There are 2 protein chains.
Amino acid sequence: MEPKGTTAENVFQLQELWSAFSDDQRFAYFSALPRDQAEDLFFDLSSEEQAEIMRRLAPQEKRSWIRLLEPDDAADLIQECSKSEHHELLNLLDIATRNEVSALMAYAEDVAGGLMNPHYARLRPELSTGEAISYLQRQSREQAELISYAYVVDVDQKLVGLVSFRDLCAASTTQPVSAVMTTDVITVSDQMDQEQISHLFSETDLMAFPVVDEQGRMKGIVTIDDIVDVVHEEATEDIQKLGGTEALDAPYMRTKMIPMVQKRGGWLLILFLSEMLTATAMGFYEKEIARAVVLALFVPLIISSGGNAGSQATTLVIRAMALGEVNLRDIWKVAGRELATGIILGCMLGIVGFLRIVVWQTFGLTPYGPHYLLIAITIFCSLIGVVAWGTIVGAILPFILRACGTDPATASTPFVATLVDVTGLVIYFTTASIMLHGTLL
Amino acid sequence: MEPKGTTAENVFQLQELWSAFSDDQRFAYFSALPRDQAEDLFFDLSSEEQAEIMRRLAPQEKRSWIRLLEPDDAADLIQECSKSEHHELLNLLDIATRNEVSALMAYAEDVAGGLMNPHYARLRPELSTGEAISYLQRQSREQAELISYAYVVDVDQKLVGLVSFRDLCAASTTQPVSAVMTTDVITVSDQMDQEQISHLFSETDLMAFPVVDEQGRMKGIVTIDDIVDVVHEEATEDIQKLGGTEALDAPYMRTKMIPMVQKRGGWLLILFLSEMLTATAMGFYEKEIARAVVLALFVPLIISSGGNAGSQATTLVIRAMALGEVNLRDIWKVAGRELATGIILGCMLGIVGFLRIVVWQTFGLTPYGPHYLLIAITIFCSLIGVVAWGTIVGAILPFILRACGTDPATASTPFVATLVDVTGLVIYFTTASIMLHGTLL
């Protein structure tokens, strides 16, 4: 009576082995497994991996594999394949499932309709609990993901209540289902975005939500296990955008060279073209630089400090927006906080910058000439200005993008840094012109 | 028979209202609610918010509220309070719960033991299914999170199997539980890290895992709804670190000014001190700059391109590591890919940079002098070198950090940018010395 005990370690080992395989090796391994083990493996794979295996199967074998899947999983698998293969794959399904799968494929992948399973345990309110129990027990396990709960719908498929299998068993068998069910059910619209659904799961501690269309008709259920993947995906997208690339939409190691270069090259080029403005901006101050080369030495230090402060602010605000902690109407509150934070941080760096020049000069490490104190004051003031400005730009940009209907995560950290580089130069050289007028300049 | 129907919109509205309230307003609102609604609200709040309410309750009221919570939730609430309050709060619990909660608090918050619920439906293998059903029905709903599954343990509390409530009902009532249960159960160790548990949920489509200690004794269950929050938290931490701050560990809007400045200022200062090396590096080339001021104009453009390319690479690699797509042993594969990508991207930017100079010169927008072609070639070669170098540094750094046992996300994008700024300057000025030797320099 020892459990066969798949420990978590076994699952990870298998997964690690699997991900180290090439596509050919994976298929050979899959084909060599006895049918029951192959089925277990097939269920655990991602839709992308399932599609890869389907592509390699002999035509007569495909049918038996795709029919194993729940309609929502079959729809995901088919959507991983090219449009030209959709028709062939749909035709492998029996008519009822084919209709369900086609209906699911009509929804966008990232809304409730595209995530839901159209199979769920369904009861009529007027059934007796005794009938309900034996009806539910006849439904095979494959037919309903969450048999522990049954949804009560009327003749128009409108959702009227929810009942647990356990409450049915506890009731006397002659009571109608409507007497045992709860009518306080949280429903989600079939068009609700997956990110909102994930917040709803966080906020309610429920395991599944019924999905209803505009007319209140029940269309399926979304379960929390589908949402864990969604949460991972959304975070990955945000992280990749923040890092200054387009979202890869595929695992890093499986992204081929050309799409990889496209997704990174596009943004890199935009950033490069914007950053060219720094050369233009510095061109304006060419004479000042020629007269006081010392000014050029601090350019990278000053502008990168603004960029770093901006990256911090934009990252914090974008994440807070994604988690729903910050909304559009919080803009002035956030701007106030960030301005104060930016000035404090700027003073901090300004003091360090000031000391650096004074100390280096005093110990003769780098001689800045007789006007070193003026240079130190220039650096001090510039750092306050640039850091405060970078912070406020980084904090406000996500609000502007969101108000325009764009994903706030488009304000990637390199983008904010680039914006702040150009304006930072102007702040720096303007401060220098004022401070050093009549002495160095 | 219309459902009272809390729609998802209601949940969000309530949540939005709640988060717009100040702490005082929240407590006033909470106190004004009738007990049953207040209880519903209390269950939906985060541990931090529950702790805030507990702090404001009259001493005699605290007991009735903390006793509503499951042991794992009570432990989370207590851990949100300061150490000095722990003893008082623990004493509000009855002895059995107090022992359970203390046991949970002994675990780190981010391992299975700290996440698990010690209450679960527990059966003996020798019980008849009939006895098992009536036993489970007597256990109140509050006593076991997932009553749809019961765990079968022997006299030593060792896990021997798992049985669904539904399978119990389907069996004849005289069969022993051991004949109906499945022995193929995936268990997790009480020391397993929460990030690994979240991967396990993604890979298996299960809703709960039994948690066992080193001796194989069952200690509790972790359920998938706890993991959704974990996945959000882990992503938030990674995003904040990538943006160059310490993880805030609290919602943005509720982080007070001093911790906010500390968490950002520390990194900003480290970055600033490292970036000071750019001033030193540029100091070495002061003579070259004085002779050819034009070189200084391109400094921000060149070094930021390296920084941006590095940010992209480091972000992609860190996320792939967090998702388990890339492991330490993949370092050479990743390095190869990134070197190739970096060279392609560098050539792309190099060509644009080259054209910029030639076009601006030809149309007289900025006159770069008779040696403009040499300058253009210097920019072209430097960009290839800096972008390829930035890419490879950004890609390798997370591997090095991980090999040292540090969180790879410490390689924030500003950190990579800073590293690349200093080395980028050296690449740029070395290329310039070679290219322009005998002409401009």
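I began with the interface and found that 140 residues of chain A are in contact with 140 residues of chain B, keeping in mind that this is a predicted model. I then looked up the buried area, which comes to about 12,200 Å² between chain A and chain B, with 66% of it on carbon and sulfur atoms.

Next I turned to charged pairs across this interface, where the rule finds two salt bridges. In one of them A:Arg264 pairs with B:Glu338, the closest N and O atoms being 2.7 Å apart. I noted that helix H15 (residues 257-284) of chain A gives the most to the side that touches chain B, with 18 residues, and that this side of chain A has 74 nonpolar, 41 polar and 25 charged residues.

I also looked up the salt bridge between A:Glu338 and B:Arg264, at 2.7 Å from N to O; this pair crosses from helix H19 (residues 331-362) of chain A to helix H15 (residues 257-284) of chain B.

For the whole structure, my search gave 27 salt bridges over all chains. Within chain A, the side chains of A:Arg56 and A:Asp24 meet at 2.5 Å, N to O, and because A:Arg56 lies in helix H4 (residues 47-56) and A:Asp24 in helix H2 (residues 23-32), the pair ties together parts 32 residues apart in sequence. Here I recorded A:Arg56 as partly exposed, with a relative accessible area of 31%, and A:Asp24 as exposed at 53%.

Note on methods:
Residues are numbered from 1 along each chain as its sequence is written. Chains are lettered from A and ligands numbered from 1 in the order in which they are written. This is a predicted model: local features need pLDDT of at least 70, side-chain atom pairs count only at pLDDT 80 or more; totals for chains, interfaces and linings use all residues. Side-chain values use heavy atoms; hydrogens and water are left out. Contact means heavy atoms within 4.5 Å. Buried area is the accessible area (1.4 Å probe) that two parts lose on being put together, summed over both. A salt bridge is a side-chain nitrogen of Lys or Arg within 4 Å of a carboxyl oxygen of Asp or Glu. Helices (H or I, at least four residues) and strands (E, at least two) are DSSP runs, numbered from the N terminus. Ala, Val, Leu, Ile, Met, Phe, Trp, Tyr, Cys and Pro count as nonpolar, Asp, Glu, Lys and Arg as charged, and the others, Gly among them, as polar. Buried means under 20% relative accessible area, exposed over 50%, partly exposed in between (1.4 Å probe, protein chains only).
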